[in-house]
Amino acid sequence: MSDVKQKLHNFILTEFLPGESPGNLRDDTPLRTSGILDSLATLRLVSFVEEQFGIAVEAHEAGVENFDRIADIAAFVAAKQAAR
Amino acid sequence: MHESAQPLASTPHLAGYLEASAKRFPDRVAVIGPDGTALTYRELNDRAGRLAAFLVRHGVKPGERVGLLTPKSVDTITAIFGILKARAAYVPADWTAPPARIRSIFQDCQVRAVFMDGRCSKILAEAPADTQPETIVVFGSGIEEARAHGLVGAVDWSAALAETPDVDTAHSRSLDDLAYILYTSGSTGIPKGVMLSQRNATSFVDWCSSVFMPNEDDRFSSHAPFHFDLSVLDVYLSLKHGAALYLISDELGKSPKELSQFIAQNRLTVWYSTPSILSLLGEFGNLSRLDFSSLRLVLFAGEVFPVKHLRHLTTLWPHPEYFNLYGPTETNVCTFACIPLPVPADRTEPYPIGPACAHCVPLVLDEDGREVALGEEGLLYIAGPSVFLGYWNRPKENSAAFIGRGGRRWYCTGDVVREDPDQGFIYAGRRDRMVKRRGYRIELDDVQSGIYRHKGLREVAVIAVPDAASGVKIVAYLTPRDPGQKPSIIEMKSFCARELPGYMIPDVFVFVEALPRTSTDKLNFPAMRAAFLEGRAP
């Protein structure tokens with residue numbers, strides 16, 4: 001697992017799924033559409049991503065296209081970092 | 001400014017506020033929708049008059065209920081005033097709530113008509129035919145969607161607005177008219193309808209006038225959804241004084257970065273919301289980068305404001321006046337406290353809820369109904385013109401909700417308080433299993449019965465614990481039906497997202513072998529709370 005994915009994985013497990021077996025959270029587990037993250041949790045995740053990976057996330061970028069699965073978030077982060 | 005010793009001028013009717021403002025300020029903007037649509041006072045009053053005529057011609061009688069199932073828009077405000085002008089009562093449902101909950105609300109109070117967004121068609125279409133409202137008006141361009149779902153009798157919004165506004169109910173209005181019903185979490189898992197009269201609502205709004213002294217240059221936020229009692233202050237106080245009401249969509253209301261820009265750009269002067277969103281604005285809203293010099297009043301209610309977040313917000317917004325407003329839906333705001341700034345760096349205890357509002361009479365009694373000595377804890381009871389009529393069609397709950405004493409009817413808030421001679425009332429917690437979170441009240445048993453519907457569980461116990469960051473954390477203890485087939489926590493979260501409104505979903509799920517019980521075999525909630533706070537298994 002890439003470093004970005006691992007950090008996302010750990011953060012989501014600790015903050016929003018305390019007690020969950022790490023194996024149950026996969027890179028393709030839906031986060032928003034499944035109800036794991038509500039709007040408040042999403043704000044915290046977006047703010048974590050901004051701080052951890054040194055990128056700015058615009059409001060329109062924080063929707064389900066980029067923030068529904070760990071794989072998508074990691075791809076989004078990579079694209080943002082490449083564009084810097 | 002904060003004391004109002006004079007008797008309040010009586011205003012007969014919520015619709016009367018709009019009518020008076022339409023005379024005084026016909027061309028001022030009354031309401032601005034999330035899409036930027038604006039209506040002047042004259043336009044809003046005229047359109048509401050047309051809707052009232054439409055409703056009366058479709059047989060809606062005074063006191064009958066009319067549902068609202070729609071996101072916020074200027075049309076929703078128009079519909080509310082149309083309903084009130086027809087002397088009917090509006091019943092706002094949360095359009096994002098689970099469909100079964102919405103249907104049970106409309107069935108419970110037998111709505112005669114519904115104003116609906118086309119996207120909600122499926123919700124009504126799936127109700128049994130004999131429980132469907134007789135008249136369904138569909139906002140905007142949603143009529144085709146409604147018809148496609150089999151709501152053949154649905155009426156287009158523009159057709160309803162085409163009525164001649166020739167119905168005038170002003171002469172027959174009464175302070176006893178039912179104005180709206182707000183549904184709250186009920187202890188049996190079925191929401192219960194709090195009936196508020198014109199007297200209830202106007203006595204509160206008139207009190208707000210005396211304390212907050214708004215005028216036509218104010219620009220009010222409308223952050224709370226209309227099924228939430230905070231909206232009563234936003235809508236009626238603003239429109240009563242000829243101010244401009246800025247409707248904030250659900251989406252914008254949850255996005256602190258965009259919301260702070262919205263507040264700054266529109267130079268809002270009065271903000272009212274739960275502490276939750278104010279905490280988010282402080283944390284994520286980039287407040288130091290924008291100009292909020294127009295903001296003169298920040299009002300909050302609905303839950304305890306964690307002092308840490310309040311301190312942070314007030315350092316970023318040091319100039320407005322801050323008020324903590326307290327009160328259940330059943331009385332609306334009944335105590336209030338102005339927060340003295342700055343918030344001391346070492347303060348950790350929440351601020352008092354303050355003295356009673358001028359139109360409310362408080363009483364603090366112990367469990368045996370005896371008045372407690374000053375400074376001692378007891379249950380807060382409220383009497384006065386803002387105390388609700390009762391719960392819709394709930395005789396048992398109604399006889400339990402009130403006590404008669406000294407010729408007055410008192411509502412038991414269920415909140416434990418103590419009175420400080422200088423600061424007014426200090427909130428000390430709840431007597432029962434109800435908590436407030438993000439401004440919503442939640443019966444923990446209601447959450448429990450929702451989770452029980454999961455087929456993989458044997459037992460469920462839900463508790464609430466204080467949390468420094470969010471105010472309150474909801475924790476669900478679970479035992480699986482088959483120990484080898486424990487549902488994952490992801491599965492539990494997803495299940496709850498389908499079964500419960502978002503604000504009711506627990507933060508933490510813990511699987512245990514057995515739930516702790518008392519000697520009489522009841523769930524031992526205190527033991528679970530203590531165990532959770534100490535970080536061990538119960």
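The pLDDT is the predictor's confidence in each residue, from 0 to 100. This is a predicted model, in which local features need pLDDT of at least 70, side-chain atom pairs count only at pLDDT 80 or more, and totals for chains, interfaces and linings use all residues. Residues are numbered from 1 along each chain as its sequence is written, while chains are lettered from A and ligands numbered from 1 in the order in which they are written.

Chain A has a mean pLDDT of 91, with 99% of its residues at 70 or more. Within chain A, confidence is highest in H1(A), at a mean of 94, and lowest in H2(A), at 90. Helices (H or I, at least four residues) and strands (E, at least two) are DSSP runs, numbered from the N terminus.

Helix H1 (residues 3-16) and helix H2 (residues 39-53) of chain A cross at roughly 145°, and their axes come within 11 Å. Axes are lines fitted to C-alpha atoms, for helices over the stretch in contact, and angles run from 0 to 180 degrees between N-to-C directions. H1(A) contributes A:Val4, A:Lys7, A:Phe11, A:Glu15 and A:Phe16 to the contact. H2(A) contributes A:Ala41, A:Arg44, A:Phe48, A:Gln52 and A:Phe53. Residues are in contact if their C-beta atoms, placed from the backbone, lie within 7 Å. By class, this contact has 6 nonpolar, 1 polar and 3 charged residues. Ala, Val, Leu, Ile, Met, Phe, Trp, Tyr, Cys and Pro count as nonpolar, Asp, Glu, Lys and Arg as charged, and the others, Gly among them, as polar.

The contact between the chains takes 15 residues from chain A and 19 residues from chain B. On the chain B side, H16(B) gives the largest share, 6 residues.

Conventions:
Two residues are in contact if their C-beta atoms, placed from the backbone, lie within 7 Å.
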